[in-house]
Amino acid sequence: MQVFKRTFSLDAPTKILLTIITFAGVIRLIGIAYGLPLWLVDDEPPFILAALKMLQLHTLLPVLHQGDFASLLYYPPYLAYLYVLPFSIILGVQYLLHHALGSLFIPYIVNDLSAFFLSARCIMVAVSLASLFLIYKAGKNIFGEDRAGLLAAFFLSTSLLYIILSITSRHWLMVSFFGLLVLWIVTDGNNSIDRRYLRASVAAGIGMGFSVVSGFYLALLAAWYLFEEKLSVTRKTIMLCIVSFGLLAALPIILYPRSLGFSGDVTTSHAKTLGGLLLSPFNFLTPIAYSEPLLIILALIGLLAFFKKRRGVFYALASFIYIYSGLFYLAFRYEHRFTAGLLPILAIMAAYGLTFLVDLSQKRWLYAMLAIPLAFSLRLALVISHNDSRIAAIDWIEHNIPAHEKILVFARMTRLPTEPDAIAEQNAIDSGSLRQVDASESVLPQEALSTPTFHALNLYSVNNEAFFASIATYAKDHHYAYALVSDEDFLFGDPAFAQVQNFIATQEVVRKFGSVHPAYSISNSQLWGSPLALFDFNNFGPGLTLYKLNN
């Protein structure tokens, strides 16, 4: 028994790290079902649908079926590959349970893909937890002690943006994961310098299959080598690094030539200025400064402490931040989620900043400031656990309005379970507005559905000027009883939104859901405001109002 205890006993740093990872796992799993069964999160469906398409076509080579994938996936395919095995298991279980549906099995699956979204999100949670281990190891390598590595893991685990990215299956979490993998490998003194840089180049190359942004970490490798490394890499290793990265970076494009399908968003043709380039880190990190001010303050202190004590690390990290943000300025644009690749760097800097303050002042009570990000992360998890305002509205309608009632739905990415005659009606209004889920609901019998259905026109994707111009008359002539309408202009100035608002202005308000807070969005993975505002609302999502129509 004593031998067993000695073998499996954990030291204090390991216990603390496991506590941080457990806490991070809990606050992420709480909100993992956010928005389902709706597809509310941008850039999440492409990877899930692409993995399902691979299973449908029995292929792992989308290059051979580019026409089938063109409308689904416009990113590198590795994240979709990551989902293929768990999705095949889910499909196998569902077939065993529902094979009696026969030809209706595929429509049944398409009708609700929540199981696949949950599976993908669980994988992302696991990746985020693995990232905490990596940042601890990288921090320990850099600082030579457990304390700063543990603090770095804590700051990353409680980062509001990182939590939001961790509960969805967007590819941005993979960017930070591979950045940490590169940093951990290159700072691992247990391996030779040639082996470290070759392995780190391979890691960055593999990361290109998840996001081309992973290639930016070559700049981190170069900066670390120039400013911090004490040894020299052989010319042979440099060539191997270049060739290995080049081949691995080319592979996802060979497997799927449309991996750069987002190139239409590139802004290299737009006017750029030297001043804009020089200010790029400050502009780029502005949303984090708003939403996570303590992280930024401590990161700045940590950067100054690096300048004072570890000049090489200072130049390496500062130059990488400039290169990363400058590349986005020159080639793309600024979005809060784009800073995901810098979050681990900021967490490491913040950890060093706090240890510097504690050591300088000899005041251990300064660790109490960790309660601030802890409180905000808990509040964020609580708000996410309340789900989206659109889910709240749908749940209320399903429990309080009779099935088959006629309802107009006009809010971003919002739909009620509908019926064949309503789908036919919407097809007449705008056939292009229908989705695969509409096709499945048009053929599935009521007993195959898990929720009540309504005669619902889901109008968020409808493009018909004449229809919206006469929507009041249409609703009256077709005897619609209710309307669920967004309080926010999700069409960004399109006349249809104003026309709907004019129509419902004289209608009776039944119930309101959520509130207007466009700066805070899980769908867009952004928090453009103070974390204190998280205490001002209980749901993410737009404000919605349910009206009783006076017909």
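Local features were considered only at pLDDT of at least 70 and side-chain atom pairs only at pLDDT 80 or more, whereas totals for chains, interfaces and linings use all residues of the predicted model. Residues are numbered from 1 along each chain as its sequence is written, and side-chain values use heavy atoms, with hydrogens and water left out.

Leaving out residues up to four places away in sequence, Leu354 touches Leu151, Phe155, Leu298, Leu366, Tyr367, Met369 and Leu370, contact being defined as heavy atoms within 4.5 Å.

Twelve salt bridges are present in the structure, each defined as a side-chain nitrogen of Lys or Arg within 4 Å of a carboxyl oxygen of Asp or Glu. In the bridge between Asp438 and Arg415, the N to O distance is 2.6 Å; this pair links helix α23 (residues 436–441), which contains Asp438, with the loop between β1 (406–410) and α22 (420–429), which contains Arg415, 23 residues apart. Buried is taken as under 20% relative accessible area, exposed as over 50% and partly exposed as in between (1.4 Å probe, protein chains only), so Asp438, at 4%, counts as buried, as does Arg415 at 13%. Salt bridges that share partners join Glu145, Arg147 and Asp359 into one network, within which Glu145 and Arg147 meet at 3.3 Å, N to O.

A further salt bridge joins Arg310 and Glu228 at 3.1 Å, N to O, and links loops 82 residues apart, those between α17 (293–309) and α18 (311–331) and between α12 (217–227) and α13 (235–255). Arg310 is partly exposed at 25%, whereas Glu228 is buried at 13%.

Thr168, in the loop between α9 (160–166) and α10 (172–186), is buried with a relative accessible area of 1%. Beyond its neighbours within four places in sequence, Thr168 contacts Val41, Glu44, Arg121, Met124 and Ile522. With a disulfide defined as a pair of cysteine sulfur atoms within 2.5 Å, the count is zero; Cys122 is partly exposed at 40%, and Cys241 is buried at 11%.

Conventions. Helix = DSSP H or I, 4+ residues; strand = E, 2+ residues; numbered from the N terminus.
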